[in-house]
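This note is intended to accompany a first reading of the structure shown below. Please keep the model open while working through the numbered points.

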Amino acid sequence: MAGGKMKKDKPQRGSSSASSNPHFQGGISFHKSKGQHILKNPLLVDSIVQKSGIKSTDVILEIGPGTGNLTKKLLEAGKSVIAVELDPRMVLELQRRFQGTPLSNRLKVIQGDVLKCDLPYFDICVANIPYQISSPLTFKLLAHRPLFRAAVIMFQREFAMRLVAQPGDTLYCRLSVNTQLLARVSHLLKVGKNNFRPPPKVDSSVVRIEPRGPLTPVNFKEWDGLVRICFNRKNKTIGSIFRQKSVLNILEKNYRTLQALQFSEKAPSDDMEMALDVSTLGESFGDLSMDADDGNDDDDIEMDDGDTKRAEFKEKVLAVLKEGNFEEKRSSKLAQADFMHLLSLFNKAGIHFS
């Protein structure tokens, strides 16, 4: 409650303050600041489990199980559940709920931060996660080895729509491109805010993520360096973006440094080595501010051609764009194959992004 003092209502006879508070369940208070929004609609829980395609032999990873409403259905559908929970109160509630039941020996609870702990083997991940960890968790899962079959995750609606966005869509962004490089992503369900206790401020969506294997043969740091630059002003032409002084300065610095080191790029030798770099694709995604195309042109100053070496390098960059016919194209319309082709042309010319 903003401003003033909150008036405390006297509990009615025959009821407790905990049971009358919508942010309580079983005597446990939920913290919105920690992203604790518990699924309360049993029909929705059933629908998520059904659409997950769980097999009776599956080891299921659940992240943020809360009080176990989804956990129970997962235990009934699969072989076992590994639940990762940060809040010790929820861990105790989860253990208490299943203690002494036939399901207890098929549940393993790990107390800790899912972003910091090593994940065990699992076949499928089904989770209603705190929305503030959406991006780092997505890429942590995609970096996990051995590959799992699928992840079915509840996200904030706008984040989910960015994940599944296609070239030309309003929400198509760096997150879309990087995720779809590593996985097939599909939208399963829209979920209204009133299906949670306490209700979040925004609606949600359930998304299915299926990792691609084997990994695309690309240097992920190079890839993300290119994509990051292109989506910094995604509605401008590629030619305009690569004429910016700030962009050319970065690329020229890389170019001169690699020349001095007599750099010879080598592709990663195996799938595991490439996987180690996957997490870099999820770095620096602010909550939902993944594109800086906000009309601010402060960085759009073109390179001054006065310096001969700089002028030559600028022409080298523009020659690459011309060769691939990219000068008048826009990042918001480019598909995976287009970015892959553009990166290969730059690397062929000795221009690198990491």
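1. Which backbone nitrogen does the side chain of E85 reach? In this predicted model, the side chain of E85 comes to 3.0 Å from the backbone nitrogen of D87. E85 itself belongs to strand β5, which comprises residues 80-85.

2. Apart from residues up to four places away in sequence, E85 touches G64, P65, G66, M90, V91, I110, Q111 and G112.

3. G64, one of the residues that E85 touches, is situated in the loop that runs between β4 (59-63) and α3 (69-77). Its relative accessible area is 26%, so G64 is classed as partly exposed. When neighbours within four places in sequence are set aside, G64 has contacts with V84, E85 and N128.

4. The unreviewed UniProt entry carries the annotation "binding site" for H37, L39, G64, E85, D113 and N128. Such annotations may be inferred rather than shown by experiment.

5. Which residues of α12 are buried? They are A311, F313, K314, V317, L318, V320 and L321. The cover over the buried residues of α12 includes α9 (238-241), α10 (245-260) and α13 (336-348).

6. After α12 comes N325, in the loop between α12 and α13. Is N325 buried or exposed? Its relative accessible area is 56%, so N325 counts as exposed. Its phi is near 60°, a positive value in a residue other than glycine. Most residues other than glycine have a negative phi.

7. S332 is also placed in the loop between α12 and α13. Here the relative accessibility is 6%, so S332 counts as buried. The side chains of S332 and N235 are joined by a polar contact of 3.4 Å. Setting aside neighbours within four places in sequence, S332 is in contact with P167, G168, Y172, K234 and N235.

8. The bond from R197 to P198 is cis, with omega near -15°, and P198 sits in the loop between β10 (196-197) and β11 (204-211). The bond from G213 to P214 is likewise cis, with omega near -5°, and P214 sits in the loop between β11 and α8 (220-230). Most peptide bonds are trans.

9. Finally, the chain may be considered as a whole. The protein chain contains 13 helices and eleven strands. Of its 354 residues, 47% are buried. Among contacts in the chain with a separation of 6 or more, 74% involve residues 24 or more positions apart. The chain exposes about 17,900 Å², and carbon and sulfur atoms supply 50% of that area.

Terms used. Residues are numbered from 1 along each chain as its sequence is written. This is a predicted model: local features need pLDDT of at least 70, side-chain atom pairs count only at pLDDT 80 or more; totals for chains, interfaces and linings use all residues. Side-chain values use heavy atoms; hydrogens and water are left out. Buried means under 20% relative accessible area, exposed over 50%, partly exposed in between (1.4 Å probe, protein chains only). Helices (H or I, at least four residues) and strands (E, at least two) are DSSP runs, numbered from the N terminus. Contact means heavy atoms within 4.5 Å. Accessible areas come from the Shrake-Rupley method with a 1.4 Å probe; for residues, only the protein chains shown count as cover. A polar contact is a pair of N or O atoms within 3.5 Å; within protein, one must be able to donate a hydrogen and the other to accept it, and residues adjacent in sequence count only if both atoms are side-chain atoms.
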